[in-house]
Amino acid sequence: MSLWKEFEDAEVVQSFRAFAREHVKPMAAEIDRDDLYPNALVQRAADDGFNALIVPQQYGGAGCSFRRVVSFFEEVGAASASVGISLNSNFQAQNAILRSGSEALRQRYLPKFAQGLKASYALTERNHGSDIRTLDTRAVRKGDHWVLDGQKSFITSGTGADLFIILVQMDEGLGVFAVPRDAQGVSTFVSDRSETFGLRNGPHVELLLQDVHVPLDHLIGNAGEGLKVVLRNLNYSRTLNAAMSIGLARSAFEESLAYVKQRKAFDQLVFDFQGIQWYFAEALAEIDAARLLLYSAADAIDEQRDIDRYSSEAKLICCGVANRVTAQAIQVCGAYGTMVNSPFNRYWRDAKTFEIGGGSMEVLKNNLGRYLSRMDMSPYLDPSAN
């Protein structure tokens, strides 16, 4: 009997789970401890056909539904959120190029993801944080090239990336560019703000752009429409962050439950205390409910309806559940839960970091507030009230 309902074809889910358990989970503690970018595992994912799930078959990918992509990231998140966030960085680059890039750009880069290309999504600047409406990094056109100058900060997956998707300021507004790591004038360095306590997949780098020339077709979307490209892409990646969050909640639940069902205290199993059972009963219900919302968000993306609403709801709820469940796992396991060599501190640190990265809980609530502000409520008014 399985604890968790499968929302995709059982054989497909088992292939995702086997990859996560056989290859990812054995490396999870080392990646977290040493703050490593998982190069070998990203390549293994590519070799197994998992690094380009969303990429259409005509570009060498699997052409999967978003529901199937969510299922993959839930299983990877259950094994290692650090590996999951590395693969999500690749997904963000693929999705931006696929949905907004020129055909030349698609032909140039999308097939490489199936071969193991690694990417990073560079939005943040030190002086702007979550406010990306105006930026200091700039791009100007000079002849048959764009020239980029500036510095992006706190860049996830930057230590391993072969390709950067970069948001910059232009005369027309914001723009998004694909910039290869080996382009002249591109460099990265580690600063005093590079290391995080969760989602550790290599230090978050500073990305320096000094007179970087890229071809005209490396602009993703139209000049001045970069914010639209980025926000649409974030709605997709937020749903994947929700999937990884609920995956690690599942692992914390399963492993803490297994522990208390064999650990004795006061002449009985810890699980036999009613209060402990209530903890797990509430957590089970919350995980089940969050997963229903998660896959509803995946369906909304596949059906292209209310994506901003459901992606924000999914990340808001799934991250909240993951934080509560991972904290509870530490609590019920007692001293073992607090030990450095137990997995529970990693689960909690990753869950907490998910509440901030890719859209903080406050930003998600603002998104939902804006969604509600656009709603015409006149059909819901009671005529008799007038």
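Helices here are DSSP runs of H or I with at least four residues, strands are E runs of at least two, and both are numbered from the N terminus. Just past α8, click on G334, where phi is positive at about 60 degrees.

A word on what you are viewing: this is a predicted model, where local features need pLDDT of at least 70 and side-chain atom pairs count only at 80 or more, while totals for chains, interfaces and linings use all residues. Residues are numbered from 1 along each chain, and side-chain values use heavy atoms, without hydrogens and water.

Next, colour by pLDDT, the predictor's confidence in each residue from 0 to 100. The chain averages 94, and 98% of the residues score at least 70. Confidence is highest in helix α3 (residues 66–79), at a mean of 98, and lowest in strand β9 (residues 264–265), at 88.

Then select residues 224–370, which UniProt lists in an unreviewed entry as "domain: Acyl-CoA dehydrogenase/oxidase C-terminal"; such annotations may be inferred rather than shown by experiment. This stretch is 79% helix and 3% strand, with its end C-alpha atoms 22 Å apart.

Finally, go to Y380, in the segment after α11 (361–373). Y380 counts as exposed because its relative accessibility is 61%, and exposed means over 50%.

Technical notes
Buried means under 20% relative accessible area, exposed over 50%, partly exposed in between (1.4 Å probe, protein chains only).
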